[in-house]
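This report covers one protein model.

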Amino acid sequence: MSIANLDLLPVAARIGAEIRGIRLSGAIDNETFEALRQALFKYKVLFFRGQHHVDDVAQESFARRWGDLVAHPTVPVREGTDFLLELDSNHGGRANSWHTDVTFDVAYPQASILRAVVIPPVGGDTVWANTASAYNDLPENIRKLADTLWALHTNDYDYAATRLNPGDEGVRRYREVFTATLFETEHPVVRVHPETGERTLVLGHFVKKLLGYTSVDSERLVSLLHSHVTRLENTVRWRWAVGDVAMWDNRATQHYAINDYGDQHRVVRRVTIAGDVPISVDGRTSVARSVAVRPTAARQPVTV
């Protein structure tokens, strides 16, 4: 089966497609799987409505078709699962800032699969951005500069600064769980996608600074580049319903879960597929600078 044979509806011009008529499972046939794989590379994010049959086991089983699964490096998995991460708004699970998943790790996930479990009646949408088209939109001289840049990524970043209204629970969870182990990794700002050959921007809230630049110059350059990622023309916004599943190419996107639902409850569950070490335009690979356990982190368990 090819992409042309899928019941596929593009959601936005540059990113995102809804796939209809497919029941997700680990037993999906090889032809359908290959069509989905090609669609993911083309559209960056795939949406599947009404997958109410998918539970935790089925979500992990479907994800295994794409490669080895990987748990979050610092946040505990959902009880009874091997790799599933639950993001519960009642326990600090509000990732409301632009990011690519886990870029503080040297081989961050190639893809993520997210399932809607509890969705508020108003708000709680997620927005994705295409980092390949963002790179292509850069003026030629800025593209040439971006090709040479490297950035330090870490999970020990300014959590409050990336959010409009950081709640006490989110800050506490960030300090006690998310940064229990500290990671620092050097990534190229532009990586070459191993499947498509596209050049994509590697940015987001885990970037601490550009290497070789002052903090002021680094902040300005990152802001300039990131503004191309998050232009509305470069994004797609998804209004969730319970039973929806979204899958995205984590090597070619950023995303933002909008925290606009107040005290309403929102629960989504994510599983990630192991990735590869990024390669820069000039053929160099990303470098893990350090991994360290925070002494005060051991500590108090936090329910997620």
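A cavity here is a set of points, on a 1 Å grid over the protein atoms alone, where a 1.4 Å probe fits but cannot get out, and lining residues have an atom within 4 Å of a point. Grid points are joined across faces, edges and corners, and the volume is the space filled by probe spheres set on the points. In the whole structure, three cavities of 30 Å³ or more are found.

L24, V54, A58, Q59, F62, I113, R115 and V245 line the second largest cavity.

## Basis of the model

This is a predicted model, in which local features need pLDDT of at least 70 and side-chain atom pairs count only at pLDDT 80 or more, while totals for chains, interfaces and linings use all residues. Residues are numbered from 1 along each chain as its sequence is written, and side-chain values use heavy atoms, with hydrogens and water left out.

## The chain as a whole

The protein chain has six helices and 17 strands; these are DSSP runs numbered from the N terminus, helices being H or I of at least four residues and strands E of at least two. Of the 304 residues, 54% are buried, where buried means under 20% relative accessible area, exposed over 50%, and partly exposed in between (1.4 Å probe, protein chains only).

The chain exposes about 13,200 Å², and carbon and sulfur atoms supply 50% of that area. Accessible areas come from the Shrake-Rupley method with a 1.4 Å probe; for residues, only the protein chains shown count as cover. Among contacts (heavy atoms within 4.5 Å) between residues at least 6 apart in sequence, 84% join residues at least 24 apart.

## Nonpolar cores

A nonpolar core is a set of buried Ala, Val, Leu, Ile, Met, Phe, Trp, Tyr and Cys residues joined through side-chain atoms within 4.5 Å. The largest one has 28 residues, and L36, L46, W66 and I113 touch the most other members. Two or more residues each come from strand 2 (17-20), helix 1 (30-43), strand 3, helix 2, strand 6, strand 14 and strand 16. Helix 1 provides the largest share of this core, six residues.

Beyond its neighbours within four places in sequence, L36 is in contact with L6, I19, I22, I28, L46, F48 and W66. Another core, of 20 residues, lies apart from this one and includes A134, A146, L221 and V222.

## Helix 2 and its surroundings

Helix 2 spans residues 56-64, and its buried residues are D56, A58, Q59, E60, F62 and A63. These residues pack against strand 4 (69-70), strand 6 (111-118), strand 14 (245-249) and strand 16 (267-273). At the start of the helix, a side-chain oxygen of D55 comes to within 3.3 Å of the backbone nitrogen of V57.

L84, in the loop between strand 4 and strand 5 (85-88), is buried at 0% relative accessible area. Outside four places in sequence, L84 is in contact with D56, Q59, E60, V77, R78, R115, R269, R270 and V271.

## Two arginines

R270 is in strand 16 and is buried, with a relative accessible area of 9%. The side chain of R270 makes a polar contact with the side chain of D101 (3.2 Å). A polar contact is a pair of N or O atoms within 3.5 Å; within protein, one must be able to donate a hydrogen and the other to accept it, and residues adjacent in sequence count only if both atoms are side-chain atoms.

R49 sits in the loop between strand 3 (45-48) and helix 2 and is partly exposed, at 35% relative accessibility. Its side chain makes a polar contact with that of D244 (2.3 Å). R49 and V242 are 193 residues apart in sequence, with their C-alpha atoms 8.6 Å apart.

## Positive phi angles

Most residues other than glycine have a negative phi. K44, in the loop between helix 1 and strand 3, has a positive phi of about 75 degrees. K44 is buried, with a relative accessible area of 2%.

V102 also has a positive phi, near 60 degrees. This residue is in the loop between strand 5 and strand 6 and is buried at 7% relative accessible area.

Terms used:
1 Å grid on protein atoms, 1.4 Å probe; cavity = no way out; pocket = protein on both sides within 12 Å on 5 of 7 lines; lining within 4 Å.
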